[in-house]
Amino acid sequence: MKVILIAAMARHRVIGINNTLPWKLSADLKRFKSLTTGHTIVMGRKTFESLGRPLPSRRHICVSRKYPQNCLTPDENWPEQVFWCGDLSAALRLTEQQYVQNPDEPVFIIGGAEIYTQALPLADALELTQIDAEFKGDAFFPFFENLFAPEETTAGEESGLPYRFKRFRSLRPDNLIVRQAVSADAEFIVRSQIRMAAETEELKLSQDVVSKGVERVFQDPSKGEYLIAERIKLTGERVPAGCLLLQKEWSDWRNGVIEWMHSVYVVPDERRSGVFSWMYKVAGARVRSRGTLGLRLYVDRNNTPARDAYRIAGMHASHYDLFEDLF
Ligand SMILES: NC(=O)c1ccc[n+]([C@@H]2O[C@H](COP(=O)([O-])OP(=O)(O)OC[C@H]3O[C@@H](n4cnc5c(N)ncnc54)[C@H](OP(=O)(O)O)[C@@H]3O)[C@@H](O)[C@H]2O)c1
């Protein structure tokens, strides 16, 4: 299965307003139709509502947290054509298991903003229509430039509106995905943190305390968000390869938010295979989409392999030292 994002974006990343498209561009609609007809399209609940009814000759997989995560539930009005799932990555996994016959079969992610943000690091390609004009908007395409490489561009104009159809391929390493963690990942995260403390500081953390600490992040998103890296085995099985926690800090110097990467862990077998670099890129795209000004982490001064991994990923050592007084 090839996961392809398809979107149209005006200047300043605008993709929608009041749950509709801000422009009329029939060349884009034609392209959308010709690429997606006969295939599966995946979308968020709000985008499905904006369509009003299913599009002909396409299977619709819609996501809403009101539905179970472990199955595709047929829609009560269009049970043959529209299915609902309570989680995006589960929706993609179930689509692949139930409907995809060959490895090159495309499945299109058609929006909106929330779904694009989550799907960027899972995608293989991006079909983007860039409209060179300004429109008012309340929905925006996420920062994607560090995750994709341009492949092909064609330009056109319609009713004075210049546009370009651009194709990008994902820079994602083979068989590796990074996604937002769900509470079912808590066990791996807890295990990772206990191992990391033992490995790097010879500290024995309390399983009970760490479990509660991790659980509270899932209960209260203001405490942060975990990302999980997964290796996809030849059998299709997904095995956790690493994790990190993003946390916001207000910077009065910059009048903006800096985010910290805490609890960074890569399982021993996966080290030196680009897992941290890709997690870092995905974290970067994610936080830039929400206007964050930069990423930071701290590392034990003696942890040379981790320091090397951070440099390889593109970070540099800061001139700050960390002081603390833990009570
Ligand atoms: N220009 C383009 O190419 C393009 C394409 C598509 C859409 N759009 C525009 O984008 C806007 C809509 O985007 P949006 O961000 O507001 O909404 P959206 O992404 O279409 O849908 C968001 C909804 O999807 C569900 N959802 C999100 N993440 C989920 C997850 N991980 N698991 C399960 N459900 C999940 C939630 O539904 P529940 O609240 O029900 O839980 C959430 O409220 C509209 O203006 C539309 O016109 C533009």
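Mentor: The protein is assigned two domains, domain 1 covering residues 2–170 and domain 2 covering residues 176–313; such bounds come from an automatic or database domain assignment. The model is predicted, and local features need pLDDT of at least 70, side-chain atom pairs count only at pLDDT 80 or more, and totals for chains, interfaces and linings use all residues. Residues are numbered from 1 along each chain as its sequence is written.

The C-alpha centres of domain 1 and domain 2 are 28 Å apart. Where the domains meet, domain 1 contributes 12 residues and domain 2 contributes 11 residues (contact: C-beta atoms, placed from the backbone, within 7 Å). On the side of domain 1 that touches domain 2 there are seven nonpolar, four polar and one charged residues (Ala, Val, Leu, Ile, Met, Phe, Trp, Tyr, Cys and Pro are nonpolar; Asp, Glu, Lys and Arg are charged; the others, Gly among them, are polar).

Let us now turn to the ligand. Around the ligand stand 28 residues, of which Gly16, Gly44, Ser64, Gly111 and Gly112 come nearest (near: a C-beta atom, placed from the backbone, within 6 Å). By class, this shell holds 11 nonpolar, 11 polar and six charged residues. At least two residues of the shell come from each of strand E1 (2–9), strand E2 (14–16), strand E3 (40–44), helix H2 (45–51) and helix H4 (113–119) (helices, H or I with at least four residues, and strands, E with at least two, are DSSP runs numbered from the N terminus).

The backbone has two details to notice. Gly111 and Gly112 are joined by a cis peptide bond, with omega about 0 degrees, and Gly112 lies in the loop between strand E7 (106–109) and H4. In the loop between E1 and E2 sits His12, which is not a glycine and yet has a positive phi of about 60 degrees.

Two helix pairs complete the picture. Helix H5 (residues 186–201) packs against helix H6 (residues 207–219) at about 130 degrees, their axes 9 Å apart (axes are lines fitted to C-alpha atoms, for helices over the stretch in contact, and angles between N-to-C directions run from 0 to 180 degrees). H5 and H6 are therefore oblique to each other (under 35 degrees is roughly parallel, over 145 roughly antiparallel, 65 to 115 roughly perpendicular, and the rest oblique). Among the residues that make the contact are Ile189 of H5 and Phe218 of H6; the contact has seven nonpolar, three polar and one charged residues.

Helix H7 (residues 275–289) meets helix H8 (residues 304–313) at about 50 degrees, with the axes 9 Å apart, which makes H7 oblique to H8. Phe276, Ser277 and Tyr280 of H7 touch Ala309, Ile312 and Ala313 of H8, giving five nonpolar residues, one polar and no charged.

How values were computed: Contact = placed C-beta atoms within 7 Å.
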